[in-house]
Amino acid sequence: MLDGMFSFVLLDTRDNSFIVARDAIGITSLYIGWGLDGSIWISSELKGLNDDCEHFEAFPPGHLYSSKSGGLKRWYNPTWYSEAIPSTPYDPLVLRQAFENAVIKRLMTDVPFGVLLSGGLDSSLVASITARHLAGTKAARQWGTQLHSFCVGLEGSPDLKYAKEVADYLGTVHHEFHFTVQDGIDAIEEVIYHVETYDVTTIRASTPMFLMSRKIKSLGVKMVISGEGSDEIFGGYLYFHKAPNKEEFHRETCHKIKALHQYDCLRANKSTSAWGLEARVPFLDKDFINVAMAIDPEWKMINPQEGRIEKWILRKAFDDEERPYLPKHVLYRQKEQFSDGVGYSWIDGLKAHAEQHVTDKMVQNAQYIFPHNTPLTKEAYYYRMIFERFFPQNSARLTVPGGASVACSTAKAVEWDAEWANNLDPSGRAALGVHLSAYEKQVAASNAVKAPPKVIDNIPRMMEAAAPGLAITS
């Protein structure tokens with residue numbers, strides 16, 4: 001078992017007492033519920049609790065529950081959790097070694113596996129390190145030394161282009177999965193049922209990952225290594241460009257890591273688990289987080305005048321002239337959120353679809369229908385209707401986070417730029433003046449209720465692998 005990566009329940013049959021512990025960051029999902037008869041229920045999904053429990057809630061990451069004491073206690077107490085500003089100088093070699101160790105640790109496996117490769121910095125580094133160290137592992141002796149990589153996107157999407165380039169550079173057996181906007185829309189209800197959220201950005205990103213996971217599992221693969229967590233640790237989201245000082249920057253990264261179980265970890269875990277696929281995330285290795293979060297946040301601050309883009313310290317740590325990990329332009333590629341990278345028309349298509357199913361009047365009256373986490377856009381309203389149909393209990397709706405957000409920020413970070421208050425969208429393109437393909441201001445400001453309807457139901461459907469089948473057997 002990887003250190004701190006899994007949740008567990010221990011039962012003492014002598015007196016039927018038990019202890020429940022959730023993993024440190026919340027990589028795997030866990031919920032706790034209470035029945036009318038005083039019983040305690042534990043489940044990895046809401047679906048396991050909503051019919052039998054009077055009340056249920058998310059089991060907090062890094063905590064344990066003892067039936068004898070009857071309360072929750074935090075067992076994970078790293079230094080960064082207090083949000084005190086660290087002062088350790090940046091050492092690129094220390095950071096590089098810590099991440100390589102985290103990836104190598106996740107190569108312990110007895111099943112066919114591969115890497116998720118979007119062509120962005122994080123997944124490309126994971127793939128590069130895995131390819132370098134695979135040869136000497138037990139997994140290589142069992143399944144072969146050639147790494148398999150997987151990518152999903154709309155035809156012509158940024159991720160497909162860059163992933164293919166990185167795969168060719170690393171020499172992986174690359175599998176490209178294409179989907180259409182209609183494919184994604186057809187899967188929305190199933191995605192919400194499995195991922196158990198109505199959060200807009202999570203659903204946008206979960207849908208292509210859900211479709212890709214189905215295809216990966218059909219090829220015989222049972223585990224994938226992925227790049228979640230880097231943006232939270234290093235301030236990689238584009239809104240971090242507007243962080244006013246290192247103190248605000250560091251506190252925001254702490255808040256983002258603490259909330260991962262409600263967003264990216266929820267997506268990665270449930271989108272893959274729905275098809276029996278395991279996702280491993282080396283950026284969220286406890287030892288690596290300790291190293292990365294101890295660095296003076298002044299080094300993480302984005303400073304274009306000095307050539308420091310988002311996640312500069314991570315990029316610099318792997319900028320090896322003698323034995324390059326990645327091509328330079330990939331190593332220094334601008335951050336692209338997964339829901340954007342699969343193809344910009346994906347989000348535009350979702351908004352257009354919601355426009356056809358949610359009226360202006362419905363949004364105007366949303367506060368009366370959904371008083372908690374009231375949806376502010378037609379897209380959010382559409383997802384909420386589906387979620388409430390599957391999970392009508394008040395406890396269920398309370399497990400989903402809310403609040404203002406721009407480009408995946410917390411509500412507090414929205415205050416960093418006055419213009420963002422009128423541009424609340426989780427897409428990276430909402431970071432006006434930062435993203436290379438940012439929304440135009442006049443369009444972004446009217447997205448909530450005036451997006452022009454588009455006919456998308458007649459788009460031809462396709463979900464195929466444009467790559468060779470797996471050359472591994474179980």
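Where is isoleucine 19 found? Select it and see: isoleucine 19 lies in strand 2, residues 17-21. Strands (E, at least two residues) and helices (H or I, at least four) are DSSP runs, numbered from the N terminus.

**Before going on**

This is a predicted model, in which local features need pLDDT of at least 70 and side-chain atom pairs count only at pLDDT 80 or more, while totals for chains, interfaces and linings use all residues. Residues are numbered from 1 along each chain as its sequence is written, and side-chain values use heavy atoms, with hydrogens and water left out.

**The whole protein**

Show everything. The protein has 20 helices and 13 strands. It has 474 residues, and 57% of them count as buried. Buried means under 20% relative accessible area, exposed means over 50%, and partly exposed is in between (1.4 Å probe, protein chains only).

The protein exposes about 19400 Å², with 52% of that supplied by carbon and sulfur atoms. Accessible areas come from the Shrake-Rupley method with a 1.4 Å probe; for residues, only the protein chains shown count as cover.

Now look at contacts (heavy atoms within 4.5 Å). Among those between residues at least 6 apart in sequence, 71% join residues at least 24 apart.

**Stop one: the patch at isoleucine 19**

Together, Phe8, Leu10 and Ile19 make a nonpolar surface patch of about 260 Å². Patch residues have over 30% relative accessible area and no salt bridge; nonpolar side chains (Val, Leu, Ile, Met, Phe, Trp, Tyr) are joined within 5 Å, like charges within 9 Å. A salt bridge is a side-chain nitrogen of Lys or Arg within 4 Å of a carboxyl oxygen of Asp or Glu. Isoleucine 19 is partly exposed, at 38% relative accessible area.

**Stop two: arginine 106**

Select arginine 106. Its place is the loop between helix 1 (92-105) and strand 8 (113-116). Is arginine 106 buried or exposed? Arginine 106 is buried, because its relative accessible area is 0%. Now show alanine 102. The arginine 106 side chain reaches the backbone oxygen of alanine 102 at 2.7 Å.

**Stop three: lysine 311**

Move to the loop between helix 10 (286-293) and helix 11 (312-317), where lysine 311 is found. Its phi is near 60 degrees, a positive value in a residue other than glycine. Lysine 311 counts as buried, at 3% relative accessibility.

**Last stop: asparagine 373**

Select the loop between helix 16 (366-369) and helix 17 (378-390) to find asparagine 373. Phi of asparagine 373 is positive, near 50 degrees. Asparagine 373 is partly exposed, with a relative accessible area of 23%.

Terms used: A polar contact is a pair of N or O atoms within 3.5 Å; within protein, one must be able to donate a hydrogen and the other to accept it, and residues adjacent in sequence count only if both atoms are side-chain atoms.
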